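Below is a short report on a ligand site and the pocket around it. Please view the sequence and the structure first.

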Amino acid sequence: MPDMLCSLVRLPPLAPLLAALNGQGITIRRPNPWEQSILRQFIEAHFSRNWAEETSVAFTQKPVTCFTAWQADQILGFGAYECTRRNYFGPTGVAEAHRKKGIGKALCLACLRGLQDLGYTYAIIGGAGPVDFYRKTVGAIVIPFDDGKGIYGLKEEPRLI
Ligand SMILES: CC(C)(COP(=O)(O)OP(=O)(O)OC[C@H]1O[C@@H](n2cnc3c(N)ncnc32)[C@H](O)[C@@H]1OP(=O)(O)O)[C@@H](O)C(=O)NCCC(=O)NCCS
């Protein structure tokens, strides 16, 4: 799964997506510190422990570098940024039963705006699985490393000397 590069100065608008989701009773917002356990459980149940670990880094920062989708008191999806490495978007995921409603795109755009607020003009989508989703929703392009593995192919940090 390759990393992808995404411009943060040409992002599509987020407000219409949020309004459409609100109409279905779905809210996108940052999780509160006391919601860490429920978010961890959601990620482990629907995705993986590794993704839960990566996302836990979001709670070391203020504001929390993560967005969540909620319907009443139920989490439907999440997106994290500035967690795996600086300027990275991901991991992200939407519960299978709630896909294709615009939640994934809204979470992605909210996180990319979060990165924009940190001063970046480009973002890296780490280990992008659904490459076509990112091409279509935010105009991202694949970073062409030979092994196609990006950050997750690293066995060690680059040497400093
Ligand atoms: C990828 C994922 C987050 C998308 O979430 P979603 O809520 O279904 O996406 P949306 O409804 O916001 O989709 C937005 C648009 O992208 C399209 N799309 C969704 N998933 C797609 C995919 N895998 N490939 C190509 N296009 C896709 C939708 O059809 C929609 O198009 P439209 O605007 O023309 O209607 C979700 O499928 C998921 O959780 N996948 C498993 C985890 C994963 O792979 N995470 C990414 C790790 S990098």
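The sections below cover the basis of the model, the ligand and the pocket.

## Basis

This is a predicted model, in which local features need pLDDT of at least 70, side-chain atom pairs count only at pLDDT 80 or more, and totals for chains, interfaces and linings use all residues. Residues are numbered from 1 along each chain as its sequence is written, and side-chain values use heavy atoms, with hydrogens and water left out.

## Ligand contacts

The ligand has 21 residues around it, and V94, K100, G102, G104 and K105 come nearest (a residue is near if one of its heavy atoms lies within 4 Å). A backbone N or O atom of K100 is 2.8 Å from a ligand oxygen, and for K101 the corresponding distance is 3.2 Å. A polar backbone atom of G102 also lies 2.8 Å from an oxygen atom of the ligand. The protein buries 71% of the 910 Å² that the ligand exposes when taken alone (Shrake-Rupley method, 1.4 Å probe).

The shell around the ligand takes its largest share, five residues, from α5 (helices are DSSP runs of H or I, at least four residues; strands are runs of E, at least two).

## Pocket

The ligand takes up the space of the largest pocket (more than half of its atoms lie within 2 Å of the grid points). A pocket is an open set of points on a 1 Å grid over the protein atoms alone, where a 1.4 Å probe fits, with protein on both sides within 12 Å along at least five of seven lines; lining residues have an atom within 4 Å of a point.

The largest pocket holds about 710 Å³ of space (the volume filled by probe spheres set on the points). Its lining has 30 residues, and T92, G93, P130, F133 and Y134 are the closest to its centre. Strand β5 gives the largest share of that lining, seven residues.

Methods: A polar contact is a pair of N or O atoms within 3.5 Å; within protein, one must be able to donate a hydrogen and the other to accept it, and residues adjacent in sequence count only if both atoms are side-chain atoms.
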